[in-house]
Amino acid sequence: MILSCQFDKFTIFFAMQKNTAATHSQTHSHKNSTAPAKNGTTPKPVANDASSSPALANDTEPGLLELFLSELRDIYWAENQLVMALPKMKAASTSKKLAKAISDHLEQTKGHVTRLEKVFQLLGQQPRAKKCDAMEGLSKEGEAVIESTMPGSATRDVGIIIASQKVEHYEIAAYGGLAQLARTMGLEDAVALLEQTLAEEKASDSLLTDIAENDINYQASKED
């Protein structure tokens, strides 16, 4: 009976020691996970960058991804610039058909901005613009056309169409390239968004050609 009692005491003692050690280990681990850095600040969790996105193909090169993001930021700046420039082009247009086409494209362009923001989200990135030198130059060309042509003339409308189609062709090239890169990297959701915008840019370019060929170019040819 005495041996049994002593055995029970030892069992209880070792069990208590084991629980104490486990509690100490958990407490030490928790302190390490929240311990301040040497400079006294608490480190923040590191956010996943785009290269760790599960949507990307496993063999995507970091350099290719960075190029994609750079081009994405470029066209994002360009689209936002167009949102500001198109109302000026519309106001300067004489043809009602041309003014309506520009007005419709302005609403489309706002949608293009929204789609680009969705592509950024797919990559786990905040939408960020990088100045697009090409679009800045094209916008200045459009302003120069307005300043150098007669108000109310078909010739001014011809110049506006040419300036607008230069913009469309730039965007078609940009979205076409981005869609191909997105497909290569396995970003099928991004491909769908980019190709939707690409189709709208092509349609806008075609509409401008029709307006010029069926009406405005002929009127301009008859002006003094």
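## Thr109 in helix 3

Thr109 is buried, since its relative accessibility is 0%. The residue belongs to helix 3 of what is a predicted model. A polar atom of the Thr109 side chain lies 2.7 Å from the backbone oxygen of His105.

Ala101 is also found in helix 3. With a relative accessibility of 11%, Ala101 counts as buried, because the limit for that class is under 20%. The C-alpha atom of Ala101 is 7.8 Å from that of Ser204, although 103 residues separate Ala101 and Ser204 in sequence.

## Overall architecture

The protein contains 6 helices and 0 strands. Read from the N terminus, its elements follow the order α-α-α-α-α-α. The protein has 224 residues, of which 38% count as buried.

Two helix pairs are described below, helix 3 with helix 6 and helix 2 with helix 5. Two packed helices are described by the angle between their axes and by the distance between those axes.

## Packing of helix 3 against helix 6

Helix 3 spans residues 96-122 and helix 6 spans residues 188-221. The two helices pack at an angle of about 165 degrees, and their axes are 10 Å apart. Helix 3 and helix 6 are therefore roughly antiparallel, as angles over 145 degrees are assigned to that class. Where helix 3 and helix 6 cross, the crossing is left-handed. The contact between helix 3 and helix 6 is made up of 12 nonpolar, 6 polar and 6 charged residues.

A salt bridge joins the side chains of Glu200 and Arg115, with an N to O distance of 3.0 Å. Because Glu200 lies in helix 6 and Arg115 in helix 3, this pair ties together parts of the protein that are 85 residues apart in sequence. Both Glu200 and Arg115 are buried.

Side chains of opposite charge can pair when their charged atoms come close. The structure holds 8 salt bridges, among them the bridge between Glu200 and Arg115 already described. Two others are set out here: Asp104 with Lys100, and Lys110 with Glu107.

In the salt bridge of Asp104 with Lys100, the closest N and O atoms are 2.8 Å apart. Asp104 and Lys100 stand 4 residues apart in helix 3, so about one helical turn separates them. Asp104 has a relative accessibility of 38% and therefore counts as partly exposed. Lys100 is exposed, because its relative accessible area of 52% is over the 50% limit.

In the salt bridge of Lys110 with Glu107, the distance between the closest N and O atoms is 3.4 Å. Lys110 and Glu107 are 3 residues apart in helix 3, and so they too are separated by about one helical turn. Lys110 counts as partly exposed, given its relative accessibility of 39%. Glu107 is likewise partly exposed, with a relative accessible area of 48%.

## Packing of helix 2 against helix 5

Helix 2 covers residues 62-92, and helix 5 covers residues 154-184. The axes of helix 2 and helix 5 come within 10 Å and cross at roughly 160 degrees. Helix 2 is therefore roughly antiparallel to helix 5. The crossing of helix 2 with helix 5 is left-handed. The residues of this contact comprise 16 nonpolar, 2 polar and 6 charged.

Leu82 is located in helix 2. The relative accessibility of Leu82 is 4%, and the residue therefore counts as buried. The C-alpha atom of Leu82 is separated by 9.0 Å from that of Lys110, a residue 28 positions away along the chain. Lys110 is the residue that forms a salt bridge with Glu107.

Methods: Residues numbered from 1 in each chain as written. Predicted model: local features only at pLDDT ≥ 70, side-chain atom pairs only at ≥ 80, totals over all residues. Heavy atoms only, no water. Axes fitted to C-alpha atoms, helices over the stretch in contact; angles between N-to-C directions. Parallel < 35°, antiparallel > 145°, perpendicular 65-115°, else oblique. Left-handed = near helix turned anticlockwise from the far one by under 90°. Nonpolar A, V, L, I, M, F, W, Y, C, P; charged D, E, K, R; others polar. Salt bridge = Lys/Arg side-chain N within 4 Å of Asp/Glu carboxyl O. Buried < 20%, exposed > 50% of the residue type's maximum accessible area, 1.4 Å probe, protein only. Polar contact = N/O pair within 3.5 Å; in protein donor to acceptor, adjacent residues only side chain to side chain.
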